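Here's a quick briefing to read alongside the protein on your screen. Take a look at the picture, then work through the points below.

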Amino acid sequence: MSGLAAGIRLALFGHKVLILERHNAPGGLNSFYSFDGRKFDVGLHAVTNYVEKGVKGTPLGKLFRQLRIRREDFGLCPQMGSRVSFPGIDLRFTNDVAVLQSEIEREFPRQIDNFRQLVREIETHDPFRLDDIETSARETVARFITDPLLLDMLFCPLMYYGSAREMDMDFGQFAIMFKSIYLEGFARPFDGVRRIIRVLLARYRDLGGERKMKCGVRKIHTSNGRAHELLLDDGQTITADHVLSSIGRVETERLCDDLPPESGKANIGRLSFIETINIFDRQPAELGWEDTIIFFNDHERFIYARPEDLVDPRSGVICFPNNYQYGSGQTLAEGVFRVTCMADFDGWSALHETEYRAAKKIWHEKLAHKAMEFLKPVPPKTLDDCTIYRDMFTPRTIKKYTGHLGGAVYGASEKVKNGHTHLQNLYLCGTDQGFLGIIGAMLSGISMANYHILRKT
Ligand SMILES: Cc1cc2nc3c(=O)[nH]c(=O)nc-3n(C[C@H](O)[C@H](O)[C@H](O)COP(=O)(O)OP(=O)(O)OC[C@H]3O[C@@H](n4cnc5c(N)ncnc54)[C@H](O)[C@@H]3O)c2cc1C
């Protein structure tokens, strides 16, 4: 997503651009695939940052303006409503922050003024500054929210949807996520992420941008502190004035011939996920399940860290892609039930093939059971009655298809906000530059193209 956005931005200003992609499908961490005649999104739960048409000064508006894309082209449909569910307490939220405010007023009456102050603080914060120093979000937010339970509940969705750090976030990143989820909101195109990718590809192609699929960069030859030449998987070499890399910080460093092939080990991200997908023969709403997304936690504290076991089922995310306001009577053909939990990359990678398959089966069951505890109304004894198909991915799948070391969806815990690398004409964009998620990745591609290339030319 960041690569495509950067490519469009540069092509718009007449640059000759080539996008190199190792996979055969576009989209990276947020791609799509077909299996047994069914179409699946790899990752899409929600497009964040959704605001109604006409709301000015938001990241979504900036994105459409900078890429010269019409808002209608993404076909974004707003969520029905989501929830943070902790033991004995639920906080509902929608794309209208007033709903969350009234929930906090009901459940945490002593905290409501503090929450309003926090909102004011976040509204005035500019998290997209490229020279910001990282500070602890837990410490900063605790100055406003003094109830540890509410603190954990507010952090849970923000960490699941955008924290590369265990247990804490940078306050700038917290502010980005807070705005994008609580003050703006969730949406989804009816056709899923393929609609967004189709629009980006068409825009890029119309501007004369070139792509080479199934052809990764194998090596970056350096000379005099510059990326001098790229060696591609097919043996060709190419040169470029500027190289933007969206593959990750350590992954990029390891391609450079002036650095050791094992460099940057300490910067490999530790957080990865498992996701199970059940396809139902009916709409979730027919079973009474109308939430779009449920962020759950059944532990006394919310622990966001790489688990010691293969998976930590104590907290996670449930998503029903059916539960968006698609309009004109449109409904997805089948029910989709996705459950995401934190997982240990090393543990999954150490399994032999038969153990791996067995572990997948066991954890699929366990996650379904765990998720059922948070569904309202209470589900039937098992989901087998309505499930007609199952699939899942593990941290190993993420590494295999995207090349992200450690299967780290949110990349390294230390970001490089200005995108600089040790080479003058090689820059980072996307996950390890620091703007996360689909919208974040696209804004990252735009900002890095503007900052490093267009500003100078
Ligand atoms: C399961 C899952 C669910 C998610 N859900 C959401 C969601 O609901 N909402 C949301 O906003 N975000 C979500 N995200 C996060 C979001 O997908 C990512 O933050 C975003 O897509 C990252 O984009 P990127 O451009 O930074 O990097 P990537 O998507 O990682 O792109 C990097 C690309 O580089 C390619 N590559 C790797 N090595 C090479 C090489 N040597 N040469 C050439 N190409 C190479 C990879 O194949 C890949 O296509 C989810 C992610 C996952 C994994």
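## Starting point: R188

R188 sits in strand β7 (residues 187–189); strands here are DSSP runs of E with at least two residues, helices are DSSP runs of H or I with at least four residues, and both are numbered from the N terminus. Keep in mind that this is a predicted model: local features need pLDDT of at least 70, side-chain atom pairs count only at pLDDT 80 or more, and totals for chains, interfaces and linings use all residues. Residues are numbered from 1 along each chain as its sequence is written, and side-chain values use heavy atoms, with hydrogens and water left out.

- Is R188 buried or exposed? With 7% relative accessibility, R188 counts as buried, because buried means under 20% relative accessible area, while exposed means over 50% and partly exposed covers what is in between (1.4 Å probe, protein chains only).
- The side chain of R188 has a polar contact of 3.1 Å with the side chain of D41. A polar contact is a pair of N or O atoms within 3.5 Å; within protein, one must be able to donate a hydrogen and the other to accept it, and residues adjacent in sequence count only if both atoms are side-chain atoms.
- A polar atom of the R188 side chain also lies 3.3 Å from the backbone oxygen of F190.
- Now for R38, which you'll find in strand β3 (residues 38–41). R38 has 19% relative accessibility, so it counts as buried.
- Which side chain does the side chain of R38 make a polar contact with? That partner is E334, at 2.8 Å.

**The ligand and its surroundings**

- There are 28 residues around the ligand, and S2, E21, N30, H45 and H404 come nearest. To be near a molecule or strand, a residue needs one of its heavy atoms within 4 Å of it.
- Backbone atoms get involved too: a polar backbone atom of R22 is 3.2 Å from a nitrogen atom of the ligand, and a polar backbone atom of V217 is 2.8 Å from a nitrogen atom of the ligand.
- An oxygen atom of the ligand lies 2.8 Å from a backbone N or O atom of T431.
- On its own, the ligand has 1,000 Å² of accessible area, and the protein covers 93% of that. Accessible areas come from the Shrake-Rupley method with a 1.4 Å probe; for residues, only the protein chains shown count as cover.
- Which elements give two or more residues to the shell around the ligand? They are α13 (395–402) and α14 (437–454), and α14 has the largest share, with three residues.
- By type, the shell splits into 13 nonpolar, 13 polar and two charged residues. Here Ala, Val, Leu, Ile, Met, Phe, Trp, Tyr, Cys and Pro count as nonpolar, Asp, Glu, Lys and Arg as charged, and the others, Gly among them, as polar.
- Domain 1 (2–39 + 191–263 + 417–454) and domain 3 (270–402) each give at least three residues to the shell; the domain bounds come from an automatic or database domain assignment.

**The whole protein**

- Along the principal axes, the C-alpha atoms fill a box of roughly 60 × 50 × 45 Å.
- Of the 457 residues, 57% are buried.

**Backbone spots to look at**

- The peptide bond from K376 to P377 is cis, with omega near -5°. You'll find P377 in the loop between α12 (353–372) and β17 (387–393).
- D36 isn't a glycine, yet its phi is positive, near 50°. D36 lies in the loop between β2 (32–35) and β3, and at 60% relative accessibility D36 counts as exposed.
- R68 is another residue other than glycine with a positive phi, near 50°. R68 is in the loop between α2 (59–67) and α3 (71–74), and at 45% relative accessibility R68 counts as partly exposed.

- E166 is in the loop between α7 (148–160) and α8 (171–184). The C-alpha atoms of E166 and R306 are separated by 7.4 Å, with the two residues 140 apart along the chain.
- P395, in helix α13, is buried, with a relative accessible area of 0%. P395 and N323 are 72 residues apart along the chain, and 27 Å separates their C-alpha atoms.
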